[in-house]
Amino acid sequence: MKNSTALKGILFFLGLFLFIFGSLRLIDHVTSFANLGSTLSEDVGLLNEARGTGGVMLGFGLLIFLGAFKKKLAFTSTLAAILLFFSFAIGRLMGLILDGHPGEGLMVGMMTEFGFGFIALIILM
């Protein structure tokens, strides 16, 4: 893995993407889910889980983003991107298989996560 301009650009974009969407989910999780075509219930535990996911996305986004600027973090940031994006995508795929079709917004999310995971995997090689 070379510390190239392409690597920096990809880590910058993936990190910023996660940071922004994680922040939105952390701050206004109800609207964030509504934009995906899902409605959160009044269950406080479920609402808490939604915010927790936002926090994870924000934290990983920051780590991946920093990898674009700190050479020592580039490898770790790339591995984090691979792990996070494929984990979300595989989880959504399992949900699709076991629970049924979640709606168009979440399907687009799953495809995007697989795509970003493969991009991160390719730059690792």
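## Exercises on a helical model

Thr78 has its place in helix H4, where helices (H or I, at least four residues) are DSSP runs numbered from the N terminus. The structure is a predicted model, in which local features need pLDDT of at least 70, side-chain atom pairs count only at pLDDT 80 or more, and totals for chains, interfaces and linings use all residues. Residues are numbered from 1 along each chain as its sequence is written, and side-chain values use heavy atoms, with hydrogens and water left out.

### Exercise 1: Thr78

Decide whether Thr78 is buried or exposed, and find the C-alpha separation of Thr78 and Met110.

*Solution.* Begin with the cut-offs: buried means under 20% relative accessible area, exposed means over 50%, and partly exposed lies in between (1.4 Å probe, protein chains only). Thr78 has a relative accessible area of 0%, and therefore it is buried. Next, take the two C-alpha atoms: Thr78 and Met110 stand 32 residues apart along the chain, and their C-alpha atoms are separated by 19 Å.

### Exercise 2: H1 against H5

Describe how helix H1 (residues 5–27) and helix H5 (residues 104–124) pack.

*Solution.* Two packed helices are described by the angle between their axes and the distance between the axes. Here axes are lines fitted to C-alpha atoms, for helices over the stretch in contact, and angles run from 0 to 180 degrees between N-to-C directions. For H1 and H5 the angle is about 150°, and the axes are 11 Å apart. Angles under 35 degrees count as roughly parallel, over 145 as roughly antiparallel, 65 to 115 as roughly perpendicular and the rest as oblique; H1 and H5 are therefore roughly antiparallel to each other. The crossing of H1 with H5 is left-handed, a word used if the near helix is turned anticlockwise from the far one by less than a right angle, and right-handed if clockwise.

Now list the partners, remembering that contact means heavy atoms within 4.5 Å. From H1 come Leu7, Ile10, Phe13, Leu14 and Phe17, and they meet Thr112, Phe116, Ile119, Ala120 and Ile123 of H5. The residues of this contact divide into 9 nonpolar, 1 polar and no charged, where Ala, Val, Leu, Ile, Met, Phe, Trp, Tyr, Cys and Pro count as nonpolar, Asp, Glu, Lys and Arg as charged, and the others, Gly among them, as polar.

### Exercise 3: The span and buried residues of H5

Compare the reach of H5 with its expected span, then say which residues of H5 are buried and what covers them.

*Solution.* The expected span of a helix is 1.5 Å times one less than its number of residues. H5 has 21 residues and reaches 30 Å from its first C-alpha to its last, close to the 30 Å expected. Its buried residues are Leu106, Met107, Gly109, Met110, Glu113, Phe114, Phe116, Gly117, Ala120 and Ile123, and what covers them includes H1 and H4.

Leaving aside neighbours within four places in sequence, Glu113 is in contact with Phe85, Phe88, Ala89 and Arg92. Glu113 and Leu96 are 17 residues apart in sequence, and their C-alpha atoms are 14 Å apart in space.

### Exercise 4: H3 and its neighbours

*Solution.* The residues of the contact of H1 with H3 divide into 16 nonpolar, 7 polar and 2 charged.

Then turn to H4. The contact is made by Thr53, Val56, Met57, Phe60, Leu63 and Ile64 of H3 and by Ser77, Ala80, Ala81, Leu84 and Phe88 of H4; its residues divide into 9 nonpolar, 2 polar and no charged.

Thr53 counts as partly exposed because its relative accessibility is 23%. Leaving aside neighbours within four places in sequence, Thr53 is in contact with Arg25 and Phe88. The C-alpha atoms of Thr53 and Arg25 are separated by 7.6 Å, although these residues are 28 apart along the chain.

Notes: Helices (H or I, at least four residues) and strands (E, at least two) are DSSP runs, numbered from the N terminus.
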